[in-house]
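Notebook open, new model on screen.

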Amino acid sequence: MAYSKILFFSIIVRFLTFATIMAQDSSFFLNKFCSPDLTKSNSNFHDNLIKLLSSLSSKAISNTEFYNHIIGTNPSDSIYGMFMCRGDVDSQLCHECIGNATQHLSSECSLSKQASIWYNECTVRYSNDSFFSVVDMMPGFYMCNTANFSNTKSFTPLLFPTMNLTADEAASDKKKFATNERVFEFQTLYCLAQCTSDLSSKVCGTCLRSAINQLPIHCDGKLGGRFLYPSCNVRYELYPFYRSINVPSPNELAPQTKDSISKKDSRFSEDPFYLSYNCSSNHNTITSKNFNLLLSYLVSNATAGKLYHRVIMDEIVYGLFMCRGDLPSRLCVQCVKNAKDRIFSTCVSSSEGIIWYSHCLLRYSSQYFFPNIAETSPMYRDINITNHFISDQNLFTSTLSNQLSELANATGNSDERYMINSLKLNDICSGKKRGGSYY
């Protein structure tokens, strides 16, 4: 049975660990710049650089937005540094990103007198010249989504006014960070703008406008793009790539009460995060209108409180979504919406596709795939790897296999096609748990 088999794979994710899932939500390296102007190893400047990078990394534990610092009293040996985390990331991810960035700089730019490094979630830079409260637009770089937009006439007039509005809001914001969303043709445009928070509103706006002006030069007609300077950056996509900040979810089915908040399941991340996708190599014969309509039907049924739904369109287009069986409705809605936006932008030219998030999966095809047979392709898998030793690996493996087998049988016989289970390993195996995911 295809339905029970898919649910069985999702159960493995729930049963094994959340550590594997959390590892997916880690900092992602983008680019770096190390100046050719070098200092000598073990010089006072080099020693101060090591102290500075250590200070930035340790400060990120308590500060999740922006921090700048100077090490040294002698002008020839002084070094200036700062970090900036993306305005929507939490403290744990910010700290991880700054730690990775400073370690990267320590190993690859340790003798450079100036350096900048960009991650998806943070920026770190240092220099022998003071750059605090001063805009710096050198060096800059761009990244573009490889997919092209089919109707630039409707997209371009929406993109740049929305990007400029986002830049204006970021420049006037205390954190110098802003996001915006605009709906068009059954799709949603997501925009982000951010400056280092030590810049004035006027200088921040100047930096962001320059970055926005670079987008049509490098990413014209692309479904997504970004431009990054040391002092500011902008980005747009047709899928949600940032977390909501202090804004009630538009998919909230009912107002929260104090009682409902207190009973909220803390096991679930508020932001379902992307795992993987697969688009077929077959050219899409589905019209763009019906493709969007199919995905919109799936989202509307998630909003109605369903955890599983399938749709057949008149043009013979098939689609389904499935949320984890223990997921609250509002998070199911959010996950399906995220999946819908991203799969359209990534698989728009394919006749079938599937996308996996931590909370749900979404699938569509021009071919019928609802019969009661198991499908095992395409698949996504991941393994949680630790350096912790398990003393009796054979016992661990057999215990885990037996538990999964029993759980699979029980799931296939249940009406909900969803079950969970847990097992304490304290008296069976020493060391930390290990885990994996299989979809």
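My entries on this chain follow.

**Ground rules.** This is a predicted model, so I read local features at pLDDT of at least 70 and side-chain atom pairs at pLDDT 80 or more, while totals for chains, interfaces and linings use all residues. Residues are numbered from 1 along each chain as its sequence is written, and side-chain values use heavy atoms, with hydrogens and water left out.

**Whole chain.** I looked up the secondary structure and got 10 helices and 17 strands (DSSP runs numbered from the N terminus: helices are H or I with at least four residues, strands are E with at least two). Of the 439 residues, 49% are buried (under 20% relative accessible area; exposed is over 50%, partly exposed in between; 1.4 Å probe, protein chains only). I also checked contacts (heavy atoms within 4.5 Å): among those between residues at least 6 apart in sequence, 72% join residues at least 24 apart.

**The sheet.** I traced an open sheet of 5 strands, ordered E6-E9-E10-E8-E7, with antiparallel pairing (two strands pair if DSSP finds at least two bridges between them). Its edges are strand E6 (141-144) and strand E7 (177-184), each pairing on one side only. On average, neighbouring strands here are turned by 10° against each other, direction ignored. Helix H6 (residues 201-219) packs on the sheet, touching E6, E8, strand E9 (225-228) and E10, and its direction makes about 45° with that of E10 (axes are lines fitted to C-alpha atoms, for helices over the stretch in contact; angles run from 0 to 180 degrees between N-to-C directions). Strand E8 (residues 187-195) and strand E10 (residues 232-237) are joined by 6 bridges, and Cys195 has Cys232 in E10 as its bridge partner.

**Disulfides.** I count 9 of them (pairs of cysteine sulfur atoms within 2.5 Å). Cys232 turns up again here, joined to Cys207 with S to S at 2.1 Å. That link is left-handed, at -85° about the S-S bond. It connects helix H6 with strand E10, its cysteines 25 residues apart.

Cys323 is buried at 3% relative accessibility, and Cys332 is buried at 1%.

Cys335 and Cys360 are joined too, S to S 2.2 Å, left-handed at -90°. Cys335 sits in helix H9 (residues 329-347) and Cys360 in strand E15 (residues 360-365), so this pair ties together parts 25 residues apart in sequence.
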